[in-house]
Amino acid sequence: MTYSIVARDERSGELGVAVQSHYFGVGSIVSWAEAGVGAVATQSVADPAYGPRGLELMRGGASAPEALHRLLAQDDQEPVRQVAFIDRHGRVAAHTGARCIREAGHRVADGVSAQANIMERPTVPDAMVAAYRTAEGDLAERLLAALEAAEGQGGDLRGRQSAALVVVARKAGGQPAEDRLFDLRVDDNPDPLREMRRLLGLRRAYERVDAGDELAAAGEVEAALAEYAAAHSEQPDSAELAFWHGVALAANGREQEARVQLEEAYRAGDGWRELLRRLPAAGLFPDDTELITRLTLSGRQDATAQPPRDERPPPPPGAPPPLEPPARERTAAPPAPPHPGPPPPPERAPEPTAAPPRPPDRPPDPPPPAPAPEPAPPPDPASAPPPQRGFS
């Protein structure tokens, strides 16, 4: 089954649409919304053109019932269409074609319409509207509660696969990021609504970060830091939120607190250390080399290791020079003996040279005295041949 809901929050004026289906990427087909205009859900044998065309008609002043009636009148496949419109005033219109796969139907109430096809039980639309009306919180929370109520009634006969949730502002402000408050999709997941709830919580944490940025820009540093801390506490496993919380603390002189947050990010990967080094060039962090070095070394196992001997800093002026290691530690190891090869050729004896001529009046030189014989060294017992054992 595909089941969906379109609604306008009576308090904020926000408009929204949410859907779940056993179909890949249902959000790209079914859910359409525009700030200050309306919201559309188009399903069953869906024609996505109902989305932009319906919004165009409502933007031009047509009410939701009028816009839907005009498009259905031009559609020769109307019997297989299931469509719901809501405009900025909360006026609602819905259509379930006669050939939509049963169980198929819709329920319209003040400011809301729920519709479903291929239901396990026909009670799904009523359960969705009831859950929407009684749910607490903003429009996004109420839409998600309606989808969860549909699952409680058995949901899609085929199972679950994808979901989407879109919420837009009451009036268009010309800023897409501000006009589109929530735009969440789960394209392929065995439990898309559970994943959608996780994404909704993550989006709310990032809303706190956005609020912190605005406070910081206004000079309200402590209030900004409080928002960053709250965002991180809501999503404690997010390395992204931990990193930017740490950056904000360090940039405002709270280095020790910053280290705790940054170390959480560093555990996710060393890319966060490198990102911190690049922030000053973008104007996003003080250009303080010593501070950045301390922060990027934070949490590293080798941050306090002794540097190698050759990389130690030089001694201060006037200090005695360091002691040199003993010679045996500084002497290189003797080279390995060369690989044995053919013996070198014998050296040739030098050619005899003639003695210089003697003057004629000089008598012959007497022969040099014979050198005294050197005393023979005492025998070395270690070199003596071993004693015979009595047999050969």
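Visitor: In which strand is Ser-44 found?
Guide: In this predicted model, phi of Ser-44 is near 65°, a positive value in a residue other than glycine. At 28% relative accessibility, Ser-44 counts as partly exposed. The element that holds Ser-44 is strand β4, residues 38-44.

Visitor: Is Ile-118 buried or exposed?
Guide: Phi of Ile-118 is near 55°, again a positive value in a residue other than glycine. Ile-118 lies in the loop between β8 and α3. Buried means under 20% relative accessible area; with 12% relative accessibility, Ile-118 therefore counts as buried.

Visitor: Which residues does a cis peptide bond join?
Guide: The bond has an omega of about -10°.

Visitor: How far apart in space are Ser-21 and Ala-163, C-alpha to C-alpha?
Guide: Ser-21 is in strand β2, residues 15-21. With a relative accessible area of 1%, Ser-21 is buried. In sequence, 142 residues separate Ser-21 and Ala-163, yet in space their C-alpha atoms are apart by 6.4 Å.

Visitor: Which element supplies the largest share of the largest nonpolar core?
Guide: This core has 30 residues, of which Tyr-3, Ile-5, Met-128, Tyr-132, Leu-143, Leu-147 and Leu-165 touch the most other members. Several elements each supply at least two residues, among them β1 (2-8), β9 (162-168) and β10 (180-186). The largest share is 7 residues, and it comes from α4.

Visitor: How far apart are the closest N and O atoms of Arg-107 and Asp-126?
Guide: Arg-107 in strand β7 (residues 105-109) and Asp-126 in helix α3 are 19 residues apart, and the pair links distant parts of the chain. Arg-107 is partly exposed, with a relative accessible area of 31%, and Asp-126 is partly exposed at 42%. The two form a salt bridge in which the closest N and O atoms are apart by 3.1 Å.

Visitor: With which residue does Glu-151 form a salt bridge?
Guide: The closest N and O atoms of the pair are 3.2 Å apart.

Visitor: How many salt bridges does the count come to?
Guide: The salt bridge rule takes a side-chain nitrogen of Lys or Arg within 4 Å of a carboxyl oxygen of Asp or Glu. Asp-9, Glu-10, Arg-11 and Arg-142 are linked in a network of such bridges. By this rule the number of salt bridges is 25.

Visitor: Which helix gives the most to the negative patch?
Guide: The negative surface patch is formed by Glu-178, Glu-207, Asp-210, Asp-213 and Glu-214. Asp-213 is partly exposed, with a relative accessible area of 40%. Four residues, given as 4 for the top contributor, come from residues 192-217, which form helix α6.

Conventions
Residues numbered from 1 in each chain as written. Predicted model: local features only at pLDDT ≥ 70, side-chain atom pairs only at ≥ 80, totals over all residues. Heavy atoms only, no water. Patch = residues over 30% accessible without salt bridge, like charges linked within 9 Å, V, L, I, M, F, W, Y side chains within 5 Å. Areas by Shrake-Rupley, 256 points an atom, 1.4 Å probe, with all protein chains shown as cover. Lys, Arg positive; Asp, Glu negative; His and termini not counted. Charge placed at Lys NZ, Arg CZ, Asp CG, Glu CD. Buried < 20%, exposed > 50% of the residue type's maximum accessible area, 1.4 Å probe, protein only. Core = buried A, V, L, I, M, F, W, Y, C linked by side-chain atoms within 4.5 Å.
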